[in-house]
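Let's take a walk through this model together.

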Amino acid sequence: MASPGSGFWPFGADEGSAAAESPGTARAWCQAAQKLTGGLGNKLCALLYGDAEKPVETGARAAPGAAEPRPVCTCDKKPCGCQKADVNYAFLHSTDLLPACNGEITTMSFLQDVVDILLQYVVKSFDRSTKVIDFHYPNELLQEYNWELADQPQTLEEILLNCRTTLKYAIKTGHPRYFNQLSTGLDMVGLAADWLTSAANTNMFTYEIAPVFVLLEYVTLRKMREMVGWPGGCGDGIFSPGGAISNMYAMLIARFKMFPEVKEKGMAAIPRLVAFTSEHSHFSVKKGAAALGIGTDSVILIRCDERGKMIPSDLERRILEAKQKGFVPFLVSATAGTTVYGAFDPLIAIADICKKYKIWMHVDGAWGGGLLMSRKHKWKLNGVERANSVTWNPHKMMGVPLQCSALLVREEGLMQSCNQMHASYLFQQDKHYDLSYDTGDKALQCGRHVDVFKLWLMWRAKGTTGFEAQIDKCLELAEYLYNKIKNREGYEMVFDGKPQHTNVCFWYIPPSLRSMEDNEERMSRLMKVAPVIKARMMEYGTTMVSYQPLGDKVNFFRMVISNPAATHQDIDFLIDEIERLGQDL
C-alpha cells in the first residue's frame, strides 16, 4: 500500500491544491496559464495556491463573482479587450447578458467566471490527490440541494453556484484512476473543439449553415474509410449519436439493400429476416432489430470460443438452419473488440461466409476500431476491408470527447437512397452550390450535432502517429496489469492468455475464500466480492473499475484502459486498492 502523503492514499487535506502535492508541476502549469490567459491564469493559480479566496463548492451563498475585484472598464470599444469591472451577480439575471443592451461587460465577466470554474475542474481531474468521485446516494443529493425548476428566474450568482455544485458531484472521467467505462480521459484539444462547437451552435444537415463542419466531416470520413482499407477512401458514412445508432444504421441499410421496397411498404411486404451476431456482441444489435421492426427473436446468437471470439463453423451452421426454415439471412454483425472480453471476431473467415451466402457483413468496431491507427495492433482487424459497413467510435479508444461515433459504408449512394425523404423546405434542388454536401437527407436525424470537429482538431494536433502512440501505451498498460496479476496470490483470470485489447478480466479472491473447495457456496460468496469492493471504491472515491457476470461466470472485474493519463503507478494503485478494500470479505 502507498504510504500517507504519497499522493496515492489517503487524500491530501486540501484536495483542490495541486501545488500541495506537486509544486513543480503546478507552478509550471501556472506559468503557462499566465502566459496564455493573462488574468484568468493569474486568478486560477491564486486559487490553486490558496492565495485567494477559494470558490464556494457547497450550498453557501457567497457571491462567486466578487472573489477578486476587477478595475472598471473605461474604453468605448465593443467588445473591449481589457479586464472587466467588478460585477455583483446577486442582483443580475440572464436577461442582463447579451443580447441585452450594454450587456457586453456583464457577459464577459460572467463567462470568464464560468471558465474559471471549468479550468479548476480540469486541473483537479488530473490531480491524483483528488477523488475520482464525491459519492452521495440519490436521496442524499435530492435532499441536500434544491434541483427543482421554478417559475421565477435565479440570479447569476445562483447560476454560477449551480455550475460549481454540478461539477463537484460529477465523476472525473479524465482522472488517471477512472477505469469504469470504455470511454475515459480528457483531451485538451478535444475539449477546446467541443467549446468551439457549442459556441458555433449549428446543425449538420446542410452546407448552407455548416460549411466548414460539413467539409470536415467529408474529409474525416474519407480518411477513416482509407484506414479501413477501402481503395481511395471510397464509400459513404455519417457521424451518429453513438455506436448503438451506428449499428442500427447498418441494419437499416443492409435491409434496404436486399429489399428496397421495405422503405415504402414496410416489413409486411418482405420475407422474415434474420441477423446473426456473437453471443458476446453488444446489446445494440438486438435493440436495433427491435426498433426496426425485425424483432429481437430474429437476431441469432452465434457461439463463441473460450476467448469470446465468434466460431465461424457455428455461424455457417445457423445460416443454413435459418434458410431451411424459410427465413432470409440479411446481416452478420461481427465484433472487433467485444465489450467485456475485448475479443476480435475472425473477420476473414466471417467475410468468406458472408460472400458465399450473399449476406451483408457489418463490423462493430466501436471499441476496437481505434486499433486501425496502430501499426503494431491493426492486424487484429484483418479482413475488415471486406465488410460492407463498419462502426467506429473515436470517443472510446482514441479519447475524443463524447459523443463521436462513425458509421462507414462501402457502397456510395446507398445510405442516401435508403433514408432520403426529399424535404423541399430544407433540401432545395436549385441551390447555387454542389448539393452533394447537403448531408441531412441521408441521416435518420434532422437535427444533428457537430461531432466531427473534436476528432478532426485532435487528429490535426496529434497526427496519426500521436494517436498510435496513445493507443499503444494503453495496450502496454493492459499487458502490464495482466502480467502483474496472472500469477499473483488472490487473483484468478477469467480466461487464459494475454488479452487482445485493453480488457483485463479477473476475479479477486479474498483470503477467506482461497482455501475453499470450488463449489456452489464458494461461487455464491465470490459473486458478492466485486460489487462490495466497487461500492467501497465509490464511497472512498479512490478509483472506479467495472464488474459484471457473463454466462455461467459470476461477477468479475473488467478492467479497461483508454485514458492516456494513466501510468504504471495507477495500475499498481488499483491492485493495492482492490486488496485493501477486499481483504476482510
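Before we start, a word on the labels: helices are DSSP runs of H or I with at least four residues, strands are runs of E with at least two, and both are numbered from the N terminus. Please also keep in mind that what you see is a predicted model.

How much space lies in it? The answer is about 840 Å³. Around that space sit 40 lining residues, and if you want to find the centre of the pocket, look for S183, T184, H395, P401 and L402, which lie nearest to it. By class, the lining has 16 nonpolar, 18 polar and six charged residues.

Which helices take part in this lining? At least two residues each come from α4 (104–125), α7 (188–200) and α9 (243–258). It is α4 that gives the most, with four residues.

The crossing of α4 past α6 is right-handed. On the α4 side, the contact is made by T106, F110, D113, V114, I117, L118 and Y121, and on the α6 side by L156, I159, L160, C163, R164 and L167. Sorted by class, this contact has ten nonpolar residues, one polar residue and two charged residues.

Now for some backbone details. Most residues other than glycine have a negative phi, and most peptide bonds are trans. Against that background, look at the loop between α3 (39–49) and α4, where you will find P99. L98 and P99 are joined by a cis peptide bond, with omega at about 15°.

A cis peptide bond also joins L402 and Q403, where omega is about -5°.

Finally, move to the loop between α7 and α8 (211–228), which holds N201. Is the phi of N201 positive or negative? It is positive, at about 50°, although N201 is not a glycine.

Methods: Residues are numbered from 1 along each chain as its sequence is written. This is a predicted model: local features need pLDDT of at least 70, side-chain atom pairs count only at pLDDT 80 or more; totals for chains, interfaces and linings use all residues. Side-chain values use heavy atoms; hydrogens and water are left out. On a 1 Å grid over the protein atoms alone, a cavity is a set of points where a 1.4 Å probe fits but cannot get out, and a pocket is an open set with protein on both sides within 12 Å along at least five of seven lines; lining residues have an atom within 4 Å of a point. Grid points are joined across faces, edges and corners, and a volume is the space filled by probe spheres set on the points. Ala, Val, Leu, Ile, Met, Phe, Trp, Tyr, Cys and Pro count as nonpolar, Asp, Glu, Lys and Arg as charged, and the others, Gly among them, as polar. A crossing is left-handed if the near helix is turned anticlockwise from the far one by less than a right angle, and right-handed if clockwise. Contact means heavy atoms within 4.5 Å.
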